[in-house]
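Please keep the sequence and the 3D view open while reading.

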Amino acid sequence: MTRARTAAIAVAGGGVLAAAAAHVWSRHIEIDRFTVREHELRILRPGARPVRILHISDAHLVPDQQRKLSFLRHLETLKPHLVIDTGDNIASAASIPVLADAIDPLLRRPGAFVMGSNDMYAPHPKNPLRYFLSDPRPQGFTGPDREPDLPVGALRSALSAHGWVDLTNTRGSLALTGLQVDLVGVDDPHLERDEFPARAASTREGVASGGAASGEVAADEVSPSGTATDEVATEGAAPGSLRIGVAHAPYQRVLDAFVEDGVDLIFAGHTHGGQLRVPGFGALVTNCDLPRRQARGLSTWRGVPLNVSGGLGASPYSNFRFANPPEATLLTLRSRLP
Ligand SMILES: [Fe+2]
């Protein structure tokens, strides 16, 4: 055997071993390396106390995923003042009661949610190369007559059982002590179900715009329910307010609509952080028209902070992640620097 041929065989063998190792790592190790991504944003009015927002997304839960369930239970220890869930919670109908049990303490905190396509339709095997198409959605994916085959109503009931606000093409509000939170959300843009709700008549000035009055944000106490708007414990002064936009898939048209609506902060999921990332290059795809560099984490869209969750999981038919551990986000809002 020539020296060149020996070298070629060694390189080929090394490549096969590396591919096998990457598969084992992404399928059996990294997929369970749950982490909390933490960011700070200084957008509250001066003097406001910090507000912790937990952002969860894309769990794609299968009932026997014990490590994922343990992590979901662990998130309560972060003691968030507000929880935002941007959808794709489940992979089957049987996941709903299991999910509700795991996040029960979080459901009892103020929160809001939208749903993703995987909350409505059971997953199917997909050719991963489709993600590299300009539109990876199969024919009929967004059809108006496509009936959900998962029990969306049961999931909606479970998520809203203790007061989380359902933001499906609607607005809502909730009150932390001293902080009015105005929310606007849309149904899944990936399914083209987004219908941006009409703007509510409001004259309240936002925290981020610097117009809030002197009500103090008592973020150490939160209201037990996320629906009431009259629980602001501030006498003699208007409370601060915060406007939040929430969507599952961060399509540009929706992000633009949030910006034009005047939100202070946007939350989305769907991208799975690219799911497979190349070290030094980042996400390969976002599965929507969001630029790859914004596939996960905190960035801005037309000057407005945008947090895209890298997600807690993946479809059971492509249950692997590489250079991209599953995550929840803890976003701490603080007062602006003087
Ligand atoms: Fe997802």
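With which residue does Arg37 form a salt bridge? The partner is Glu327, and the closest N and O atoms are 2.8 Å apart. A salt bridge here is a side-chain nitrogen of Lys or Arg within 4 Å of a carboxyl oxygen of Asp or Glu. Arg37 lies in strand β1 and Glu327 in strand β14, so the pair ties together parts that are 290 residues apart in sequence. Glu327 is buried, at 2% relative accessibility. Buried means under 20% relative accessible area, exposed over 50%, and partly exposed in between (1.4 Å probe, protein chains only).

This is a predicted model: local features need pLDDT of at least 70, side-chain atom pairs count only at pLDDT 80 or more, and totals for chains, interfaces and linings use all residues. Residues are numbered from 1 along each chain as its sequence is written, and side-chain values use heavy atoms, leaving out hydrogens and water. Helices (H or I, at least four residues) and strands (E, at least two) are DSSP runs, numbered from the N terminus.

## Other salt bridges

The whole structure holds 15 salt bridges. Side chains of opposite charge can pair when their charged atoms come close. Arg334 and Glu40 pair at 3.1 Å, N to O. Arg334 sits in strand β14 and Glu40 in strand β1, 294 residues apart. Arg334 is partly exposed at 27% relative accessibility. Glu40 is partly exposed at 48%.

Arg73 forms a salt bridge with Asp101, with 3.8 Å between the closest N and O atoms. The pair links helix α2, which holds Arg73, to helix α3, which holds Asp101, across 28 residues. Arg73 is partly exposed, at 38% relative accessibility. Elsewhere, shared partners join Asp135, Arg137 and Glu192 into one network of salt bridges.

## Helix α2

Helix α2 spans residues 66–74, and its buried residues are Lys68, Leu69, Phe71 and Leu72. Seen down the axis, they fall within an arc of 160°, so they line one face of the helix. The arc is that of the directions from the helix axis to the C-beta atoms. Their cover includes β1 (35–44), α3 (95–102), α4 (104–107) and β14 (327–335).

The axes of α2 and α3 come within 8 Å and cross at roughly 35°. Axes are lines fitted to C-alpha atoms, for helices over the stretch in contact, with angles from 0 to 180 degrees between N-to-C directions. Leu69, Leu72 and Arg73 of α2 meet Val98, Leu99, Asp101 and Ala102 of α3. Contact means heavy atoms within 4.5 Å.

## Helix α6

In α6 (residues 252–261), the buried residues are Val254, Leu255, Phe258, Val259 and Asp261. They fall within an arc of 165° down the axis, so they line one face of the helix. What covers them includes β6 (170–176), β7 (179–185) and β8 (240–246). Just after α6, Gly262 takes a positive phi of about 90°.

## Nonpolar cores

The largest nonpolar core has 34 residues, and Leu75 and Trp164 have the most contacts inside it. Such a core is a set of buried Ala, Val, Leu, Ile, Met, Phe, Trp, Tyr and Cys residues joined through side-chain atoms within 4.5 Å. Elements supplying at least two residues each include β2 (51–56), α5 (152–159) and β14.

Leu75 touches Val36, Leu54, Ile56, Pro80, Leu106 and Ala328, not counting residues up to four places away in sequence. Apart from this core lies another, of 24 residues, among them Leu41, Val51, Val181 and Leu183.
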